[in-house]
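Subject: Structure handover

Hello,

Here is the structure I promised to pass on. My notes on the helix packing, the ligand surroundings and the annotation follow below.

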Amino acid sequence: MTVVEAKRPWGRAEFEEQLRAVAEQRYHDRHPFNVRMHEGSLSPAELRRWITNRFHYQRHIPVKDALITAKLETPELRRMWLHRIEDHDGRAEGEGGIERWLRLGEAAGLDRAALLSGACVLPGVRLAVDGYVNFCRHRPPLEAVSASLTELSAPGLMLRRIDAFERHYSWIDADGLAYFRARVGQGRRDSDEALALVLEWASSRADQERAVAALAFKCDVLWSLLDAVDLAQREPQVVSR
Ligand SMILES: O=C(O)c1cc(C(=O)O)c2c(n1)C(=O)C(=O)c1cc(C(=O)O)[nH]c1-2
(Lines give C-alpha, C1' and ligand atoms only; values in the text may rest on other atoms or scores of the structure.)
Protein backbone atom coordinates (compact mmCIF):
# COMPACT_ATOMS: atom_id res chain seq x y z
CA MET A 1 0.00 0.00 0.00
CA THR A 2 1.39 3.41 -0.88
CA VAL A 3 0.87 6.16 1.63
CA VAL A 4 0.38 9.58 0.07
CA GLU A 5 1.81 12.14 2.40
CA ALA A 6 -0.17 15.37 2.67
CA LYS A 7 1.80 18.36 1.44
CA ARG A 8 2.80 20.79 4.17
CA PRO A 9 0.89 24.07 4.12
CA TRP A 10 2.73 27.13 2.81
CA GLY A 11 3.66 29.65 5.46
CA ARG A 12 1.42 32.73 5.55
CA ALA A 13 3.87 34.90 3.63
CA GLU A 14 4.43 32.30 0.93
CA PHE A 15 0.70 31.67 0.54
CA GLU A 16 0.10 35.43 0.16
CA GLU A 17 2.88 35.56 -2.41
CA GLN A 18 1.24 32.75 -4.43
CA LEU A 19 -2.08 34.61 -4.42
CA ARG A 20 -0.51 37.93 -5.38
CA ALA A 21 1.47 36.30 -8.19
CA VAL A 22 -1.73 34.93 -9.79
CA ALA A 23 -3.60 38.23 -9.30
CA GLU A 24 -0.77 40.04 -11.03
CA GLN A 25 0.38 37.66 -13.76
CA ARG A 26 -3.03 36.48 -14.99
CA TYR A 27 -4.87 39.78 -14.56
CA HIS A 28 -6.80 41.26 -17.46
CA ASP A 29 -4.77 44.48 -17.48
CA ARG A 30 -2.50 42.47 -19.84
CA HIS A 31 -5.35 41.58 -22.19
CA PRO A 32 -4.86 43.04 -25.71
CA PHE A 33 -8.16 44.94 -25.44
CA ASN A 34 -7.06 46.65 -22.22
CA VAL A 35 -3.62 47.32 -23.71
CA ARG A 36 -5.31 49.05 -26.66
CA MET A 37 -7.59 50.95 -24.27
CA HIS A 38 -4.61 52.26 -22.34
CA GLU A 39 -2.63 53.29 -25.38
CA GLY A 40 -5.65 55.21 -26.70
CA SER A 41 -6.35 53.24 -29.87
CA LEU A 42 -9.94 52.09 -29.20
CA SER A 43 -12.59 53.57 -31.47
CA PRO A 44 -15.69 55.16 -29.89
CA ALA A 45 -17.70 52.10 -31.04
CA GLU A 46 -15.26 49.72 -29.31
CA LEU A 47 -15.33 51.73 -26.10
CA ARG A 48 -19.13 51.78 -26.15
CA ARG A 49 -19.19 48.02 -26.76
CA TRP A 50 -16.96 47.53 -23.72
CA ILE A 51 -19.10 49.82 -21.51
CA THR A 52 -22.28 48.02 -22.62
CA ASN A 53 -20.89 44.57 -21.96
CA ARG A 54 -19.11 45.42 -18.72
CA PHE A 55 -22.41 46.72 -17.41
CA HIS A 56 -23.61 43.12 -17.49
CA TYR A 57 -20.71 42.21 -15.16
CA GLN A 58 -21.31 45.20 -12.87
CA ARG A 59 -24.98 44.51 -12.34
CA HIS A 60 -24.25 40.89 -11.34
CA ILE A 61 -21.58 41.73 -8.75
CA PRO A 62 -24.14 42.48 -5.99
CA VAL A 63 -26.00 39.27 -6.93
CA LYS A 64 -22.88 37.16 -6.38
CA ASP A 65 -22.15 39.11 -3.17
CA ALA A 66 -25.63 38.28 -1.89
CA LEU A 67 -24.90 34.59 -2.59
CA ILE A 68 -21.61 34.85 -0.66
CA THR A 69 -23.26 36.74 2.22
CA ALA A 70 -25.79 33.92 2.60
CA LYS A 71 -22.94 31.47 3.22
CA LEU A 72 -21.21 33.50 5.94
CA GLU A 73 -22.00 32.23 9.38
CA THR A 74 -21.54 35.17 11.74
CA PRO A 75 -23.11 38.65 11.94
CA GLU A 76 -19.61 40.14 11.90
CA LEU A 77 -18.73 38.47 8.58
CA ARG A 78 -22.10 39.24 6.99
CA ARG A 79 -21.83 42.91 8.05
CA MET A 80 -18.40 43.08 6.47
CA TRP A 81 -19.59 41.59 3.19
CA LEU A 82 -22.87 43.52 3.00
CA HIS A 83 -21.20 46.85 2.32
CA ARG A 84 -20.19 45.47 -1.08
CA ILE A 85 -23.83 45.20 -2.06
CA GLU A 86 -24.42 48.74 -0.89
CA ASP A 87 -21.40 49.97 -2.89
CA HIS A 88 -23.11 48.81 -6.08
CA ASP A 89 -26.80 49.22 -5.32
CA GLY A 90 -26.52 52.38 -3.18
CA ARG A 91 -28.69 53.12 -0.18
CA ALA A 92 -31.30 54.91 -2.27
CA GLU A 93 -32.44 55.38 -5.86
CA GLY A 94 -29.86 57.30 -7.89
CA GLU A 95 -26.85 56.22 -5.80
CA GLY A 96 -24.21 53.50 -5.98
CA GLY A 97 -21.91 51.90 -8.52
CA ILE A 98 -24.56 50.65 -10.91
CA GLU A 99 -25.96 54.15 -11.21
CA ARG A 100 -22.42 55.52 -11.70
CA TRP A 101 -21.81 52.98 -14.48
CA LEU A 102 -25.06 54.06 -16.20
CA ARG A 103 -23.79 57.65 -16.04
CA LEU A 104 -20.51 56.52 -17.59
CA GLY A 105 -22.56 54.97 -20.40
CA GLU A 106 -24.52 58.19 -20.88
CA ALA A 107 -21.29 60.23 -20.89
CA ALA A 108 -20.13 57.94 -23.73
CA GLY A 109 -23.34 58.58 -25.65
CA LEU A 110 -25.16 55.36 -24.76
CA ASP A 111 -28.83 55.21 -24.02
CA ARG A 112 -29.70 54.33 -20.41
CA ALA A 113 -32.77 52.29 -21.35
CA ALA A 114 -30.75 50.34 -23.93
CA LEU A 115 -28.06 49.57 -21.32
CA LEU A 116 -30.68 48.45 -18.82
CA SER A 117 -32.35 46.22 -21.42
CA GLY A 118 -29.14 44.17 -21.82
CA ALA A 119 -30.10 43.62 -25.45
CA CYS A 120 -26.57 44.20 -26.78
CA VAL A 121 -24.75 41.90 -24.32
CA LEU A 122 -22.58 39.39 -26.19
CA PRO A 123 -23.11 35.63 -25.69
CA GLY A 124 -19.54 35.10 -24.44
CA VAL A 125 -19.99 37.86 -21.86
CA ARG A 126 -23.20 36.27 -20.58
CA LEU A 127 -21.37 32.96 -20.18
CA ALA A 128 -18.38 34.50 -18.40
CA VAL A 129 -20.61 36.38 -15.94
CA ASP A 130 -22.83 33.33 -15.38
CA GLY A 131 -19.66 31.35 -14.74
CA TYR A 132 -18.60 33.73 -11.98
CA VAL A 133 -22.04 33.99 -10.34
CA ASN A 134 -22.52 30.21 -10.41
CA PHE A 135 -19.03 29.64 -9.03
CA CYS A 136 -19.94 31.82 -6.03
CA ARG A 137 -23.35 30.13 -5.75
CA HIS A 138 -21.95 26.60 -5.58
CA ARG A 139 -18.49 26.80 -4.01
CA PRO A 140 -17.67 27.15 -0.32
CA PRO A 141 -16.94 30.61 1.13
CA LEU A 142 -13.15 30.13 0.96
CA GLU A 143 -13.24 29.73 -2.82
CA ALA A 144 -15.92 32.36 -3.45
CA VAL A 145 -14.01 34.93 -1.38
CA SER A 146 -10.68 33.94 -2.99
CA ALA A 147 -12.19 34.56 -6.43
CA SER A 148 -12.79 38.20 -5.47
CA LEU A 149 -9.03 38.69 -4.94
CA THR A 150 -8.56 39.91 -8.51
CA GLU A 151 -9.38 43.13 -6.69
CA LEU A 152 -5.80 43.11 -5.39
CA SER A 153 -4.89 44.35 -8.87
CA ALA A 154 -8.02 46.39 -9.63
CA PRO A 155 -7.14 49.72 -7.91
CA GLY A 156 -3.92 50.08 -9.96
CA LEU A 157 -5.89 49.35 -13.12
CA MET A 158 -8.54 51.95 -12.19
CA LEU A 159 -5.85 54.64 -11.84
CA ARG A 160 -4.36 53.68 -15.19
CA ARG A 161 -7.80 53.70 -16.81
CA ILE A 162 -8.71 57.15 -15.43
CA ASP A 163 -5.44 58.49 -16.83
CA ALA A 164 -6.07 56.83 -20.22
CA PHE A 165 -9.63 58.17 -20.46
CA GLU A 166 -8.56 61.72 -19.57
CA ARG A 167 -5.67 61.57 -22.01
CA HIS A 168 -7.14 59.74 -25.01
CA TYR A 169 -10.92 59.71 -24.76
CA SER A 170 -11.73 63.27 -23.73
CA TRP A 171 -14.95 63.05 -25.76
CA ILE A 172 -16.27 61.23 -22.66
CA ASP A 173 -17.13 63.83 -20.04
CA ALA A 174 -14.82 63.57 -16.97
CA ASP A 175 -17.87 63.34 -14.65
CA GLY A 176 -18.53 59.98 -16.29
CA LEU A 177 -15.37 58.60 -14.65
CA ALA A 178 -16.85 58.75 -11.13
CA TYR A 179 -17.31 54.97 -11.15
CA PHE A 180 -13.59 54.33 -11.55
CA ARG A 181 -12.61 56.99 -8.98
CA ALA A 182 -14.89 55.41 -6.35
CA ARG A 183 -13.52 51.92 -7.06
CA VAL A 184 -9.93 52.84 -6.15
CA GLY A 185 -10.69 53.08 -2.42
CA GLN A 186 -13.44 50.47 -2.47
CA GLY A 187 -11.21 47.94 -4.23
CA ARG A 188 -8.38 48.47 -1.71
CA ARG A 189 -10.70 47.97 1.24
CA ASP A 190 -12.41 44.95 -0.38
CA SER A 191 -9.16 43.21 -1.22
CA ASP A 192 -7.66 43.90 2.24
CA GLU A 193 -10.73 42.35 3.87
CA ALA A 194 -10.92 39.37 1.54
CA LEU A 195 -7.20 38.64 1.76
CA ALA A 196 -7.32 38.58 5.60
CA LEU A 197 -10.19 36.06 5.46
CA VAL A 198 -8.50 33.79 2.92
CA LEU A 199 -5.19 33.80 4.83
CA GLU A 200 -7.06 32.90 8.02
CA TRP A 201 -9.40 30.26 6.57
CA ALA A 202 -7.04 28.24 4.37
CA SER A 203 -5.14 26.18 6.92
CA SER A 204 -4.21 23.07 4.91
CA ARG A 205 -2.17 23.00 1.72
CA ALA A 206 -5.21 21.60 -0.11
CA ASP A 207 -7.28 24.63 0.99
CA GLN A 208 -4.50 26.98 -0.03
CA GLU A 209 -4.30 25.38 -3.47
CA ARG A 210 -8.09 25.62 -3.85
CA ALA A 211 -7.89 29.33 -3.03
CA VAL A 212 -5.18 29.92 -5.64
CA ALA A 213 -7.19 27.92 -8.22
CA ALA A 214 -10.33 29.96 -7.47
CA LEU A 215 -8.41 33.16 -8.09
CA ALA A 216 -6.99 31.79 -11.35
CA PHE A 217 -10.54 30.87 -12.43
CA LYS A 218 -11.68 34.44 -11.77
CA CYS A 219 -8.79 35.80 -13.84
CA ASP A 220 -10.05 33.56 -16.65
CA VAL A 221 -13.57 34.98 -16.26
CA LEU A 222 -12.30 38.53 -16.71
CA TRP A 223 -10.04 37.46 -19.58
CA SER A 224 -12.76 35.66 -21.51
CA LEU A 225 -15.15 38.56 -21.00
CA LEU A 226 -12.63 40.79 -22.77
CA ASP A 227 -12.01 38.14 -25.46
CA ALA A 228 -15.70 38.29 -26.32
CA VAL A 229 -15.67 42.10 -26.42
CA ASP A 230 -12.42 42.20 -28.40
CA LEU A 231 -13.46 39.66 -31.03
CA ALA A 232 -17.02 40.86 -31.58
CA GLN A 233 -17.99 42.37 -34.85
CA ARG A 234 -19.31 45.86 -34.56
CA GLU A 235 -22.59 45.53 -32.67
CA PRO A 236 -25.59 47.67 -33.50
CA GLN A 237 -26.00 50.06 -30.59
CA VAL A 238 -28.55 52.62 -29.58
CA VAL A 239 -26.71 55.92 -29.24
CA SER A 240 -28.48 58.90 -27.72
CA ARG A 241 -26.48 61.63 -29.43
O1 LIG B 1 -12.84 47.27 -14.20
C2 LIG B 1 -12.17 46.34 -13.79
O3 LIG B 1 -11.16 45.96 -14.36
C4 LIG B 1 -12.66 45.64 -12.59
C5 LIG B 1 -12.09 44.47 -12.17
C6 LIG B 1 -12.63 43.81 -11.05
C7 LIG B 1 -11.92 42.62 -10.64
O8 LIG B 1 -10.68 42.62 -10.73
O9 LIG B 1 -12.51 41.64 -10.25
C10 LIG B 1 -13.75 44.35 -10.41
C11 LIG B 1 -14.21 45.59 -10.89
N12 LIG B 1 -13.68 46.21 -11.95
C13 LIG B 1 -15.31 46.26 -10.27
O14 LIG B 1 -15.67 47.35 -10.68
C15 LIG B 1 -15.97 45.65 -9.19
O16 LIG B 1 -16.90 46.22 -8.63
C17 LIG B 1 -15.54 44.38 -8.76
C18 LIG B 1 -16.06 43.52 -7.79
C19 LIG B 1 -15.30 42.39 -7.90
C20 LIG B 1 -15.48 41.13 -7.19
O21 LIG B 1 -15.02 40.12 -7.71
O22 LIG B 1 -16.11 41.13 -6.12
N23 LIG B 1 -14.34 42.55 -8.83
C24 LIG B 1 -14.47 43.76 -9.37
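Start with α9 and α10. This is a predicted model. In it, helix α9 covers residues 154-168 and helix α10 covers residues 178-201. Their axes come within 8 Å and cross at roughly 165°. Angles over 145 degrees count as roughly antiparallel, and α9 and α10 are therefore roughly antiparallel to each other. The crossing of these two helices is left-handed.

On the α9 side, the contact uses Ala154, Pro155, Met158, Leu159, Arg161 and Ile162. From α10 come Phe180, Arg181, Arg183, Val184, Gly187 and Arg188. By class, that makes 7 nonpolar, 1 polar and 4 charged residues in the contact of α9 with α10.

Helix α10 also packs against helix α5, residues 97-107. Here the angle is about 145°, and the axes are 8 Å apart. Gly97, Arg100, Trp101, Arg103 and Leu104 of α5 meet Ala178, Tyr179 and Ala182 of α10. The contact of α5 with α10 has 5 nonpolar, 1 polar and 2 charged residues.

Next, the ligand. Which residues are around the ligand? They are Ile61, Ser148, Thr150, Glu151, Ala154, Leu157 and Arg183. The shell splits into 3 nonpolar, 2 polar and 2 charged residues.

Helix α2 (residues 32-39) packs with helix α11 (residues 205-231) at an angle of about 65°, their axes 8 Å apart. The two are therefore roughly perpendicular to each other. Pro32, Phe33 and Asn34 of α2 make the contact with Leu226, Val229 and Asp230 of α11. By class, the α2 and α11 contact residues are 4 nonpolar, 1 polar and 1 charged.

Last, the annotation. An unreviewed UniProt entry places the feature "domain: Thiaminase-2/PQQC" at residues 17-227. Over residues 17-227, the chain is 77% helix and 0% strand. The end C-alpha atoms of that stretch are 28 Å apart.

Best wishes

Key:
Residues numbered from 1 in each chain as written. Predicted model: local features only at pLDDT ≥ 70, side-chain atom pairs only at ≥ 80, totals over all residues. Near = placed C-beta within 6 Å. Nonpolar A, V, L, I, M, F, W, Y, C, P; charged D, E, K, R; others polar. Axes fitted to C-alpha atoms, helices over the stretch in contact; angles between N-to-C directions. Helix = DSSP H or I, 4+ residues; strand = E, 2+ residues; numbered from the N terminus. Parallel < 35°, antiparallel > 145°, perpendicular 65-115°, else oblique. Left-handed = near helix turned anticlockwise from the far one by under 90°. Contact = placed C-beta atoms within 7 Å. UniProt positions renumbered as here; feature names shortened; annotations may be inferred.
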